Amino acid sequence: MSDSYDGGQGHEFVAFRIDAQEFCVDIMSVREIRGWSPATPIPHAPHFVRGVINLRGAVLPIIDLASRFGLAQGEPSARHVIIVVQVGDQIAGLLVDAVSDILSTTDNAIQATPGVASTMARSFVRGVLALDGRMISIVTLDAVLPQFDREAAWARLRQVRNRWPLVESFPSP
C-alpha cells in the first residue's frame with residue numbers, strides 16, 4: 001500500500017482493537033489470525049517483544065502492539081489474538097485484544113494523520129479511516145516491526161571471531 005491516498009483505488013484492511021482504540025492493517029500483509037499462545041521470552045529483547053512462538057516449525061517473534069504504541073499493557077489471555085503479518089522477508093505476530101472487522105474502503109475515505117500527533121505516532125500511523133462514526137488508525141507495519149540490523153550482526157560476529165578463532169566456520173557476509 002502506498003503512502004498516497006489521492007484517488008478512488010480500493011483497499012481492504014483487517015481491523016482490530018487495543019483497549020478502547022481501533023487500528024487496522026492492510027489485509028495483503030496478513031498471513032493468518034490465530035489465538036493467543038504463550039510466548040517464550042527472549043533475554044535483552046525490546047520491551048514490546050513478548051517473546052517467540054513456534055509456528056509450524058518457524059520461530060515467530062510476538063510484538064505486543066499495546067506496549068509498542070505506549071498504551072496500557074495487560075497480561076494476555078485466551079481472548080487475545082495474534083495477527084501474523086509479513087512485510088518483505090520479515091514475519092511477526094502482532095498481539096492485539098481482538099480482531100473486529102474486515103474493512104473495504106477507497107482512498108477518498110482515508111484522511112492524513114492529524115498534525116497534532118507526535119512524530120512517533122505519525123511514524124506508526126499512516127492515516128485515519130473515518131467509518132460509521134468510528135476513527136480507525138491505519139498502522140504502518142514497516143515502522144512497527146523491529147528492524148534487524150544485518151551490519152550490526154556481522155560486526156558482532158567479527159568481534160566473536162577475533163576473540164575465539166574456532167568460530168571461523170561461520171560464513172562471512
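This is a predicted model: local features need pLDDT of at least 70, side-chain atom pairs count only at pLDDT 80 or more; totals for chains, interfaces and linings use all residues.
1. **Overall make-up.** The protein has four helices and eleven strands. Of its 173 residues, 39% are buried. Look at contacts with a separation of 6 or more: 54% of them come from residues 24 or more positions apart.

2. **The open sheet.** Five strands build an open sheet with mixed pairing. Their order is S3-S6-S7-S5-S4. Strand S3 (30–35) and strand S4 (49–55) are the edge strands, each pairing on one side only. On average, neighbouring strands of this sheet are turned by 30 degrees against each other, with direction ignored.

3. **Pairing of S6 and S7.** Strand S6 covers residues 81–87, and strand S7 covers residues 90–96. The two run antiparallel and are joined by seven bridges.

4. **Pairing of S5 and S7.** S5 and S7 run parallel. Three bridges join them. Here Asp 64 has Leu 95 of S7 as its bridge partner. Asp 64 comes up again below, through its side chain.

5. **The S4–S5 hairpin.** S4 pairs with strand S5 (residues 58–64) in the antiparallel sense, over six bridges. Asn 54 stands opposite Val 59 in S5. The two strands form a hairpin with two residues between them. In the turn, Arg 56 has a positive phi of about 50 degrees.

6. The salt bridge count comes to six. In one of them, the side chains of Asp 64 and Arg 50 meet at 3.1 Å, N to O. The pair links distant parts of the chain: Asp 64 lies in strand S5 and Arg 50 in strand S4, 14 residues apart. Are these two partners buried or exposed? Asp 64 has a relative accessible area of 5%, so it is buried. Arg 50 is at 19% relative accessibility, and because the cut-off for buried is under 20%, Arg 50 counts as buried too.

7. Asp 101 forms a salt bridge with Arg 134, and their closest N and O atoms are 3.5 Å apart. Asp 101 sits in strand S8 (residues 98–106) and Arg 134 in strand S11, 33 residues apart, so distant parts of the chain are linked. Asp 101 is partly exposed, with a relative accessible area of 30%. Arg 134 is also partly exposed, at 22% relative accessibility. Salt bridges that share partners join Glu 22, Asp 101 and Arg 134 into one network.

8. **Glu 32 and Arg 34.** These residues form a salt bridge, with the closest N and O atoms 3.5 Å apart. Arg 34 counts as partly exposed, at 24% relative accessibility.

9. **Positive phi in two loops.** Most residues other than glycine have a negative phi. Asp 19 is not a glycine, yet its phi is positive, at about 60 degrees. Asp 19 is in the loop between strand S1 (10–18) and strand S2 (21–26). Its relative accessible area is 52%, so Asp 19 is exposed. Asp 132 has a positive phi near 55 degrees. Its place is the loop between strand S10 (125–131) and strand S11 (134–139). Asp 132 is exposed, with a relative accessible area of 71%.

Conventions. Residues are numbered from 1 along each chain as its sequence is written. Side-chain values use heavy atoms; hydrogens and water are left out. Buried means under 20% relative accessible area, exposed over 50%, partly exposed in between (1.4 Å probe, protein chains only). Two strands pair if DSSP finds at least two bridges between them. Axes are lines fitted to C-alpha atoms, for helices over the stretch in contact, and angles run from 0 to 180 degrees between N-to-C directions. Contact means heavy atoms within 4.5 Å. A salt bridge is a side-chain nitrogen of Lys or Arg within 4 Å of a carboxyl oxygen of Asp or Glu.
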